[in-house]
Protein chains: 2
Amino acid sequence: MDKSDKEITITDVAKQAGVSMATVSRVVNGNNNVKETTRQKVMDVIDKLHYRPNAVARGLASKKSTTIGLILPNMGDLLYSNLAKGIDDVASMYKYNIILTSLKNGIGSEQQLFNDLLAKQVDGIIYMGETISNDIYKEMCNSRVPVVFAGAIDEQQQISSVNIDYVKAVRDVVKFLIDNGNRKIALVTGDLNSPINGKYRLEGYQQALENAGISYSSDNVFETVYSLQAGAAVWDAMHDSGITAAFVSNDLLAAGILNAAVDSGIQVPEEFELVTSSNTILCDVARPKMTSVAQPLYDIGAVAMRMLTKLMNDEEINDKTISLPYSFVKRGTTKNN
Amino acid sequence: MDKSDKEITITDVAKQAGVSMATVSRVVNGNNNVKETTRQKVMDVIDKLHYRPNAVARGLASKKSTTIGLILPNMGDLLYSNLAKGIDDVASMYKYNIILTSLKNGIGSEQQLFNDLLAKQVDGIIYMGETISNDIYKEMCNSRVPVVFAGAIDEQQQISSVNIDYVKAVRDVVKFLIDNGNRKIALVTGDLNSPINGKYRLEGYQQALENAGISYSSDNVFETVYSLQAGAAVWDAMHDSGITAAFVSNDLLAAGILNAAVDSGIQVPEEFELVTSSNTILCDVARPKMTSVAQPLYDIGAVAMRMLTKLMNDEEINDKTISLPYSFVKRGTTKNN
DNA sequence: ATGAAAGCGCTAACAC
DNA sequence: GTGTTAGCGCTTTCAT
């Protein structure tokens with residue numbers, strides 16, 4: 001109660017209850033080897049003294065921190081906050097705390113974050129970055145603590161990951177756009193160096209074109225950043241090129257394109273169709289509402305965290321790479337037959 | 001490198017370098033009382049062995065965890081992720097890690113989170129909840145570790161906090177709407193039990209009306225939750241009542257109202273004006289773009305974190321309650337003269 | 001069912 | 001400058 005109160009320790013409880021520290025420890029940790037009457041006695045003292053076990057001391061002694069690390073690219077992004085929500089819910093279900101870190105600009109940032117987390121003795125790490133450098137990738141593979149990718153992909157399938165089948169998602173979307181009569185379809189993504197964009201999404205895009213006998217042209221692929229302004233710029237770049245539809249890999253970027261198109265008097269979806277990728281609330285806010293691939297963000301986070309608990313517990317896991325089903329939510333930016 | 005490698009400890013480094021643990025500790029902690037040549041020698045061994053100090057052990061010995069706790073209402077909310085970004089940036093500047101927790105539904109949740117954080121020996125806590133129960137409030141006041149409210153207010157000014165002057169903000173906005181010719185103006189907020197809504201915002205609203213000689217009617221105050229659907233429902237409830245303008249305390253809610261109005265053929269801002277409160281990206285995505293009070297979210301977070309570092313450091317702080325300047329960004333949902 | 005005691009890896013007096 | 005050593009608060013054998 002009093003600000004100057006010394007913290008109550010296990011020793012205080014042991015003394016007051018007239019038992020040893022070991023017994024108090026057993027009670028606190030739910031060990032069954034304690035007589036019910038002793039147990040009660042100890043519990044009473046704990047309540048009376050408001051004893052709160054020191055997690056740091058416990059961590060040092062037991063070599064478990066019941067804390068996991070979360071590395072994400074950008075705290076301001078809705079996409080990641082939704083993933084994080086799934087992670088958080090499962091984590092608290094299993095009594096884990098989350099140390100949150102986000103990638104800062106600058107070389108070696110991920111390296112630094114990773115090391116910081118290890119220094120804090122986290123029991124596991126969830127990585128949500130879109131890209132990963134080779135150095136840190138290797139470290140993760142050999143790491144003492146398990147690592148799971150959420151909403152990201154390990155091309156080499158060494159690290160456990162949870163995501164959706166990006167190739168198929170894009171292929172399906174582009175096929176849909178082709179079936180709607182479009183022949184010149186744009187692919188608008190972020191950094192093509194990230195596997196998810198440059199490899200999977202691009203591949204799905206190319207497959208769909210090929211299946212339809214449309215020749216691929218890199219002119220129709222736009223690489224940019226995820227912002228409204230970038231979207232407007234992309235629109236400027238493509239609106240005279242005869243492109244009639246676009247698949248966009250980020251909702252904010254898509255909203256930028258959509259608004260630029262609408263603001264310039266284009267009829268959507270009659271003259272221009274657009275599909276985005278994250279199905280965040282932005283899809284419902286935009287007018288027309290945006291058609292989107294619906295990644296089960298919350299579930300990806302939740303499953304990734306569940307997977308991590310298994311790994312931390314040395315349990316068997318069936319598949320290193322889990323692909324969750326996605327859906328396709330048709331709204332106002334596409335002609336839906 | 002090898003998965004089975006034992007962790008390198010300070011003892012290993014000390015032995016290899018032929019010095020004592022204390023010296024290694026000094027080197028690691030940048031203590032100057034070390035001869036340069038010894039320092040080099042130790043550093044070399046640290047590099048060679050890839051020694052990484054164990055933060056948990058350090059925490060136990062030094063009684064500092066260089067970790068702070070963050071309690072926020074909802075991880076999926078853009079508002080909070082922006083605040084969190086400011087916190088994160090300053091935190092990493094001062095080498096603090098963040099343990100992130102979010103309020104779950106159910107009684108006693110905040111109590112539980114608070115205790116968990118204390119158990120983990122965090123050096124400080126930032127609280128971003130809109131409301132707070134009396135029990136936990138008292139505990140925070142008497143807490144061994146400093147607590148700062150970010151984007152929240154302590155009515156009793158006992159706990160340090162960073163925010164904007166909500167009363168004035170709303171008063172100014174409502175005055176603006178009155179000056180635009182509106183007489184029947186709605187106040188649309190979340191839970192009126194939270195001081196920020198029920199006390200400050202309501203007060204600002206009433207002051208503005210009073211100043212203009214307009215009588216207050218609770219019929220024009222709408223209490224609801226923060227979602228698009230809720231916004232649509234509010235629109236339904238108010239569109240026949242002669243209300244011609246609204247101040248809304250959440251962007252998502254505002255977007256819901258705006259879209260419902262526009263979708264039903266209302267001309268905005270000619271027939272209906274709307275001002276929202278958080279100036280998140282939603283304001284730019286919506287059509288027309290939404291006029292908003294611009295809380296400096298990032299800054300609130302950053303200043304709160306900076307304040308916390310001072311408190312953790314027992315430095316003097318000038319003001320317990322910091323009100324940051326806000327601005328008023330006029331966009332398309334108001335008639336701007 | 002319970003207790004004694006040896007650490008966990010580090011910091012911080014204190015001594016030299 | 002550098003080393004010695006006593007904790008920090010807890011878990012975990014190992015006895016009993």
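This section describes salt bridges and domain layout in a predicted model. Residues are numbered from 1 along each chain as its sequence is written, and chains are lettered from A in the order in which they are written. Local features need pLDDT of at least 70, side-chain atom pairs count only at pLDDT 80 or more, and totals for chains, interfaces and linings use all residues, while side-chain values use heavy atoms, with hydrogens and water left out.

Over all chains, the search of the whole structure returned 20 salt bridges, each defined as a side-chain nitrogen of Lys or Arg within 4 Å of a carboxyl oxygen of Asp or Glu. One of these pairs Asp88(B) with Lys104(A) at an N to O distance of 3.1 Å. This pair crosses between chains: Asp88(B) belongs to helix H5 (residues 78-93) of chain B, and Lys104(A) to the loop between strand S2 (97-102) and helix H6 (109-119) of chain A. Helices (H or I, at least four residues) and strands (E, at least two) are DSSP runs, numbered from the N terminus. Asp88(B) is buried, with a relative accessibility of 4%, whereas Lys104(A) is partly exposed at 24%. Here buried means under 20% relative accessible area, exposed over 50%, and partly exposed in between, for a 1.4 Å probe and protein chains only.

A further salt bridge is formed by the side chains of Arg144(A) and Glu7(B), with 3.1 Å from N to O. The pair joins two chains, because Arg144(A) is located in the loop between helix H7 (134-142) and strand S4 (147-150) of chain A and Glu7(B) in the segment before helix H1 (10-17) of chain B. Both residues are partly exposed, Arg144(A) at 40% relative accessibility and Glu7(B) at 33%.

Within chain B, Asp179(B) and Lys175(B) form a salt bridge with an N to O distance of 2.8 Å. The two residues are four apart in helix H8 (residues 166-179) of chain B, and therefore about one helical turn separates them. Asp179(B) is exposed, at 53% relative accessibility, and Lys175(B) is partly exposed, at 47%. Elsewhere, Glu7(A), Arg52(A) and Arg144(B) are joined into one network by salt bridges that share partners.

Chain A comprises domain 1 (3-53), domain 2 (65-164 + 297-326) and domain 3 (166-294), with bounds from an automatic or database domain assignment. Between the C-alpha centres of domain 1 and domain 3 of chain A, the distance is 61 Å.
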